[in-house]
Each structure stands twice: as structure tokens, then as C-alpha cells.
Amino acid sequence: MAKGAANFISFCSIPGVRNSTMLAPEKPSFILSQSSFHEQVGGCVGYVNYKSNSALKVTRRGFHAKQRKYSMPVSKVSQHKAASFQVGNLATLDFQRFCREGKVEAALDAMNEMEKNGVFVDSLDLIELLQICEDMKLLETGKRVFEHTMRSPSKPHIAAFNKFVEMYCKLGDTSCAKRVFEEMPKRNLDSWNKMLVGLAENGEGAEALRIFSMMKKDGVRPDEFTFVGVIMACRCVGAVEDGQEHFVSMSRDYGITPSMEHYVAIVDLLGKSKKITEAKELIANMPIEPSSRVWETLEKYSKAGPPGLKLSKKKKVMDMLVSNQKKASPEKSKAFKKLRSLSKEVKEAGYVPESRHVFHDLDHEAQEKTLLYHSERLAVAFGLINTPPGTTLRIMKNLRICVDCHNFIKILSSIEKREIIVRDIKRFHHFKDGKCSCRDYW
């Protein structure tokens, strides 16, 4: 990676990771957690080989001769093996300590030391490390962990493979998740659920529904978690009637009582399809008291849009934007400059600012500038500056992406010839060639 890219990764407080050769040979990935970016831009053994019994002499005398011949080498190998295991066990203790402390690179070094001495990480420790990779958004590090796992002479428990699937999906790499899923020596219900839900969360509704069909053909009985993913998948593809049928089938065919999660999912499906009346009727007939999430989901679709915030003066907003840029470090200043340039390019490609969800008492110019400096756009601009052409950008956002940023990044992905993956509070958006995985349905 270029020098600028290395500086950028350091700037964003992302632990350095080495290149990986496992599973995903496509393109290098750039990961940015909005929480860190927010602070910077103001937004967001040897062994004995006995060939065969025929090598032993028939006579007792001959047999003992053979024994004496091989007794010393065996003794030496055993000592070496004991020493190796001692070093390996020490490395295991180091590995476990590094995991507890969240020191991923040190944990990987300990894994290397363990491997040299014929000791491999057990499944429980492996799952703990994968959770850390997931929490810290370390996709490439997770891939290196997978390499270690595949070199182990004894493959891990199925729960570890399931965790790999989940981690890849949570970090937006469904291609790797699908490869792990397809190559698993065996699967259980949790395997199917993690793959199905992970695909739905990444906007791959059709693929998630295909997994559901495969699951039933394999004779695996779905549970309540399965149907949450199925309804989510129906929402992704706009299959309202199918989603409603699955909701009914859940209790009718499988004896599963709908939980609050199922009601939230079905209300979300109906609301997105503009079937507000049906959603209200469903809520009115719920056998349990609707939770705040149910009402919030309905409210999201039953209003024209959020009211404008009460900032009466255009000057307040403009002064804040100017102040942020003046205080910016040289790196941040480059991001602001790049973003202004990108704005002109996307406008020429047909982008029209969607300003109805920003401050209503500002004029059009001020509204456009407010939209321009949304944190996800600044993150994308910074990534474009500091990574080689063709690198996949991964943006992690703790709020729902707005319509305008969605349109902006969608067009930008076509101009820059890049895949840009944005994970907001609701789902993944995979932008590529001017299109989004959600098909503008989120």
C-alpha cells in the first residue's frame, strides 16, 4: 500500500494488518469505523515410523535386538516432543492473555509460536479471537485467523466455522462467508441461520431465500431465528405477499409463536411497501403488547419525514461548517477538498441533492452544504485519497444512512470504479457500478 495509505490507517486508529491470501483473492479492503473517524473529522514432534510387523524377527532373541536398536531414538524424540509441548503451552497461555487484553496482533504472533510447536488453538479460544476481530472491524486479521485454522491437522468444532460465517457477514464480506459455509464439513441449524440472516442483513435477499429453500430440502427444520431472517430477506426484495405467507406459516406449519422480533420485521416489511393500514391492523391484533420498536418502525413509515430541526439562522449552520474546516488538520483538509471535487463530478453524472430531510428554514445553498459534509461522505473522500485505485472501501456508521448520501455514494461508486460498503445501524449497503445491494429499498 502506498505511504499515504499507511498514514491514513494510522490516522484512523485502525490496527495494522498484513495482507491475506485466504478465501478472498479479489481486492484489498479498506475498513473505517465511523466512531474513530468521528473524532478526527468532527462527524462522524518427531515420530517413529514402524513400517510393518514383518520387520520383526520371529525369534524372541531377534525381537529384543530390534527393540534395543530403536529404544534410544524413541527416547530422544519423546524428550523433544515434551519440550515442544512445554513451549506450545506457554504460547497458549500468552495467546489467551492477549485475547483477554484485546491485543490481536500479539495473539496472532502467539498462534504462530504455538503452530511451530505443534499446538493449535482450541475452538473456544478461536471463537473468542474471532469476536474481537468482529468487534474491532478487523476483516483482514480475521482472514489470517482462518489461514491458521485451516493449517491445523484437527479441524475446529462446527461452532467455530459458524463464527467465521457470522464474522464475515458482520464485516460485509458475504463472498468469504458463503465459501466457508459451502466448504464446511458439516452444518447444523445455527450454520443455516447465520448464513441466511447474514445475507439478509447485507441486502442479498434473493440469495438468503435460496439458502432457506436449500435448508428445507436438506430436511433442516427452521426455528424462530430462521423466520426473522426470512422476513428480512422478503423485505430486501419487496416480496410482501411471500413475507406475509412466511409469517403465517411460522405458527401454522412449525408451531412457532411469533416474537416481538417477528412483529418488528413484518411491520417493517409492510411499512416499506406502503401498506400502512395493514401494518396498523396487524399491530392492533397483536396478542402481546407492542414494544417501542414496533411503534418506532411504524412511525418511520407513517410520517412524510422528520421535521426540520429548530435552527432558525442560516448563519449558525454556515459558521459551524466553516469553523470545522478551519480547525481541520492537513489530512482532514484534504478530505474536505476532495469532497468538494467529488460533489462536482457526481452532479455532472446526474446527482440531485435530496434536501427535504434537512433544516427547513435554510435556503437551498445552505441545505446542500449541510448535506455535503455528512460523515460517511467525508469517510469515503478520505478513503479515496489514501488507498490505491480499486480498493474496496468499508465504512461503519452508527446511524442510518440518509437518502441523499445513499444517492451520492451510489453514483460515486460508478465514477470511481470502486465497491463501497457502508454498514449503518440497520443493514449493509454494497455500492458498486452505480447500484446498491438494497436496490434503493431500505
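1. Ground rules. The model is predicted, so local features need pLDDT of at least 70 and side-chain atom pairs count only at pLDDT 80 or more, while totals for chains, interfaces and linings use all residues. Residues are numbered from 1 along each chain as its sequence is written, and side-chain values use heavy atoms, with hydrogens and water left out. Helices (H or I, at least four residues) are DSSP runs, numbered from the N terminus.

2. Helices α17 and α20. The axes of α17 (residues 330–348) and α20 (residues 403–416) come within 10 Å and cross at roughly 90°. That makes α17 roughly perpendicular to α20 (65 to 115 degrees counts as roughly perpendicular). Axes are lines fitted to C-alpha atoms, for helices over the stretch in contact; angles run from 0 to 180 degrees between N-to-C directions. On the α17 side, K338, L339, L342, S343, E345 and V346 take part; they meet F408, I411, L412, I415 and E416 of α20. Contact here means heavy atoms within 4.5 Å. The residues of this contact divide into seven nonpolar, one polar and three charged. Ala, Val, Leu, Ile, Met, Phe, Trp, Tyr, Cys and Pro count as nonpolar, Asp, Glu, Lys and Arg as charged, and the others, Gly among them, as polar.

3. Helices α7 and α9. The axes of α7 and α9 (residues 189–201) come within 9 Å and cross at roughly 5°. So α7 is roughly parallel to α9 (angles under 35 degrees count as roughly parallel). From α7, I158, N162, V165, E166, C169 and K170 meet D190, S191, K194, M195, G198, L199 and E201 in α9. By class, the α7 contact with α9 has five nonpolar, three polar and five charged residues.

4. Loop residue D173. D173 sits in the loop between α7 (158–170) and α8 (174–183). D173 is buried, at 7% relative accessible area. Buried means under 20% relative accessible area, exposed over 50%, partly exposed in between (1.4 Å probe, protein chains only). The D173 side chain reaches the backbone nitrogen of C176 at 3.1 Å.

5. Salt bridges overall. The whole structure holds 24 salt bridges. A salt bridge is a side-chain nitrogen of Lys or Arg within 4 Å of a carboxyl oxygen of Asp or Glu. Side chains of opposite charge can pair when their charged atoms come close.

6. D94 and R97 meet in a salt bridge at 3.3 Å, N to O. Both lie in α3 (residues 60–101), three residues apart, about one turn of the helix. D94 is partly exposed, at 32% relative accessibility. R97 is partly exposed, with a relative accessible area of 32%.

7. A buried pair between helices. The side chains of R235 and D268 form a salt bridge at 2.7 Å, N to O. The pair links distant parts of the chain: R235 is in α11 (residues 224–237), D268 in α13 (residues 260–272), 33 residues apart. R235 counts as buried at 8% relative accessibility. D268 is buried too, at 10% relative accessible area.

8. A partly exposed pair between helices. E261 and R293 meet through their side chains in a salt bridge at 2.6 Å, N to O. E261 lies in α13 and R293 in α15 (residues 292–302), so the pair ties together parts 32 residues apart in sequence. E261 is partly exposed at 38% relative accessibility, and R293 is partly exposed at 39%.

9. A network. Salt bridges that share partners join E134, K163, E166, D190 and K194 into one network.

Conventions: Helix = DSSP H or I, 4+ residues; strand = E, 2+ residues; numbered from the N terminus. Polar contact = N/O pair within 3.5 Å; in protein donor to acceptor, adjacent residues only side chain to side chain. Parallel < 35°, antiparallel > 145°, perpendicular 65-115°, else oblique.
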